[in-house]
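Subject: Structure handover

Hi,

Here is the structure I promised to pass on. Have a look at it first, and then read on for what I found.

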Amino acid sequence: MSSGALSGALPGGGLPPVADTLPLQVGMVLVCVALAGWVLAVWLLLRQPRVPTSPPDDYLKPVSPADLPVDPLPACAVVLDGLGAIVQVNEEAASQFGETVGAILRHPAARSALSAALRVPAPSGTGESSSRSDLPPVCSTTFTLDVPVPRTLHLMLRRLPGGKGQDKRVLVVLNDHSEARAADRMRTDFVAHASHELRTPLASLSGFIDALQGAAGENPVMRQQFLDIMRQQSERLKRLIDRLLYLSRVQAHEHQRPRDLVDVADLMAVVLGEVAPRFEREGRTLTLEVEDDLMVRADEDEMVQVLLNLIENALRYGAKEEEPLTITLSARRAVIPDDRWPADGGVILGIEDNGCGMEAHHLPRLTERFYRVGAPTDGAGQGTGLGLSIVRHILDRHGGRLRIASAPGKGTTCLVWLPSAGTALAVSLVE
């Protein structure tokens, strides 16, 4: 049968058989699957992280100081720009150096180190792939700033990584080495001075021994004269060794606050008994002025040593030729307010003389070991130069203060401030 006969057999022109429509249905399914695949591919592509092909809009903008986390650093940190201007100062640097930060960074040595840090090529990588080897090297310098007070400073500078316009910043870390340098200098000076002080009497003794073994030993007058000098030198040597040993003992327990309760009147009585024989000589007078009911927490033996050393200095170096020397030993309550002392009261012990006094440039160095102002004025032997150093270390242990005022021809006043018994007790309880 022909196809024309078949179509004529279907009234109304009906649909063709199912076998004829199958290719059309398969094609539609394939199109839908393809469309779904494209939609899924686009969706997965959109979920992938975007990799920028060009710098962001704010790439050339300078970094805000707030974006530089230098405040949490446990060091004195400063950020500078390419011209050396300060971009940021952290709290540690501001509290330790204050307004002197600018003067420090303007020092020629600091400017030279900044130039060296900026000449270092910028690091190649700043992302996660960068390593420690990518960081610029550290440029450092050490110098002494003389004003307002001498300070030895060590600066470490490193160029900070960043994009264009941001790679001219430099991080500066400041360290104050003043105390360490002073300690090293004092240690070196101490060894040098101690060696010198010990060598002088030993050389004198050795020389006179050689002389006595020769012709001088046959002359009774010269022999007695040499023996007297040798005795003086041996006593000086003994005093020096005793002072050095005492100073070492004081320093050994300098961190321990004394806890004994001492009546200042009893303390003065002990001192008076010790120095009374020294004032039997004509032209010397000692007066005593002590307020009642003064109590301090102190080591009595050490405080006696403090007062004896100060009186000894007044006797040794304060006397004027053919003029009487008057020394006043006093004790009183601290007047509040007084800028020289803490605001919690306390007790002031004073040693004042009407002697020859001294120049103002000596005052800051009086407590240095082996420092002497001049030759003794009372004809006594030369001191060890350790007395006021011992006084300072004892007062450091007691939490005290020492103030010395003097002028040529107007005498010298030494004031020792000690915390009162109640204040010292509170400190000991806290410790």
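**Salt bridges first**

A search of the whole structure, which is a predicted model, turns up 10 salt bridges. I'll go through a few of them and then move on to a helix.

Aspartate 299 sits in the loop between β8 and α9, while arginine 397 belongs to helix α10 (residues 387-398), so the pair ties together parts that lie 98 residues apart in sequence. Arginine 397 also forms a salt bridge with glutamate 302, where the closest N and O atoms are 3.1 Å apart.

Aspartate 299, at 22%, counts as partly exposed, because the cut-off for buried is under 20%.

There is also a network: salt bridges with shared partners join Arg278, Glu312 and Arg316.

For a local pair, go to helix α7 (residues 220-252). Arginine 231 and glutamate 235 both lie in it, 4 residues apart, or about one turn of the helix. An α-helix has 3.6 residues a turn, so residues three or four places apart point the same way. The side chains of arginine 231 and glutamate 235 meet in a salt bridge at 3.2 Å, N to O. Both count as partly exposed, arginine 231 with a relative accessible area of 42% and glutamate 235 at 37%.

**Helix α8**

Next, have a look at α8, which runs over residues 264-275. Its 12 residues reach 17 Å from first C-alpha to last, close to the 16 Å expected at 1.5 Å a residue.

Which residues of α8 are buried? They are Val264, Leu267, Met268, Val271 and Val275. Viewed down the helix axis, the buried residues of α8 fall within an arc of 95 degrees, so they line one face of the helix. What do they pack against? The list is β6 (261-263), β7 (284-290), β8 (295-297), α9 (300-317), β9 (325-333) and β10 (347-353).

At the start of α8, a side-chain oxygen of aspartate 263 comes to within 2.9 Å of the backbone nitrogen of alanine 265.

Valine 264, also in α8, is worth a click. Its relative accessible area is 1%, so valine 264 is buried. Apart from neighbours within four places in sequence, valine 264 is in contact with Leu294, Met295, Val296, Ala331, Val347 and Leu349.

**The whole protein**

Zooming out, the protein has 11 helices and 12 strands. Of its 431 residues, 34% count as buried. Among contacts with a separation of 6 or more, 63% come from residues 24 or more positions apart. The protein exposes about 26,300 Å², and carbon and sulfur atoms supply 57% of that.

Over to you!

Cheers

Technical notes: Residues numbered from 1 in each chain as written. Predicted model: local features only at pLDDT ≥ 70, side-chain atom pairs only at ≥ 80, totals over all residues. Heavy atoms only, no water. Helix = DSSP H or I, 4+ residues; strand = E, 2+ residues; numbered from the N terminus. Expected span 1.5 Å × (residues − 1). Buried < 20%, exposed > 50% of the residue type's maximum accessible area, 1.4 Å probe, protein only. Arc of directions from axis to C-beta. Contact = heavy atoms within 4.5 Å. Polar contact = N/O pair within 3.5 Å; in protein donor to acceptor, adjacent residues only side chain to side chain. Salt bridge = Lys/Arg side-chain N within 4 Å of Asp/Glu carboxyl O. Areas by Shrake-Rupley, 256 points an atom, 1.4 Å probe, with all protein chains shown as cover.
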